[in-house]
Amino acid sequence: MAVVRRERVEAWVRAYEEAWRAPGTGRLAELFTADVTYLPGPWVAPVRGLVDLAEFWEAERAGPDEGFTMASDVVAVDADTAVIRVEVHYDDEAVGVWRDLWVLRFTAGGRCSVFEEWPHEAARGGAAVR
């Protein structure tokens, strides 16, 4: 079992945000394993593998120039698993403000093999997938 440290999780989250802001999806392989399981919400079918994740990633964002600010806090780290609280304020008011919990499982190499997101939209006051 891999053991991940808080500092490594914080660096991974920064790299995730940088990848979200970058054109294309080339950086996903730096962050995720080839066989990643990515759950975009608790009741949504998972996205499996980097190819499908790249397609999902491009469909979900408005593009690399999407305006937003993001803050995060590592809530817990236990062995290979981390929980992160993330808050995103989008410049586009139609998208709004989101607060998420991410449950991540890491490999010994520091890439994420399981990404589980619990998104909550401020405007609706409840869980919803963007």
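The buried residues of α1 are Val9, Trp12, Val13, Ala15, Tyr16, Glu17, Ala19 and Trp20. This comes from a predicted model. An α-helix has 3.6 residues a turn, so residues three or four places apart point the same way.

Helix α1 covers residues 6–21, 16 residues in total. Its end C-alpha atoms lie 23 Å apart.

Thr37 sits in β1, residues 32–39. Ser113 belongs to β6, residues 112–121. Thr37 and Ser113 touch each other. Setting aside neighbours within four places in sequence, Thr37 also contacts Pro46, Val47, Arg48, Val114 and Phe115.

Then the loop. Ala79 lies between β3 (68–78) and β4 (81–90). Ala79 is not a glycine, yet its phi is positive, at about 55°.

| Residue | Relative accessibility | Class |
|---|---|---|
| Thr37 | 17% | buried |
| Ser113 | 17% | buried |
| Ala79 | 25% | partly exposed |

Thr37 counts as buried because its 17% is under the 20% cut-off. Ser113, at 17%, falls under that 20% limit too. Ala79, at 25%, is partly exposed.

Notes: Residues are numbered from 1 along each chain as its sequence is written. This is a predicted model: local features need pLDDT of at least 70, side-chain atom pairs count only at pLDDT 80 or more; totals for chains, interfaces and linings use all residues. Side-chain values use heavy atoms; hydrogens and water are left out. Helices (H or I, at least four residues) and strands (E, at least two) are DSSP runs, numbered from the N terminus. Buried means under 20% relative accessible area, exposed over 50%, partly exposed in between (1.4 Å probe, protein chains only). Contact means heavy atoms within 4.5 Å. The expected span of a helix is 1.5 Å times one less than its number of residues.
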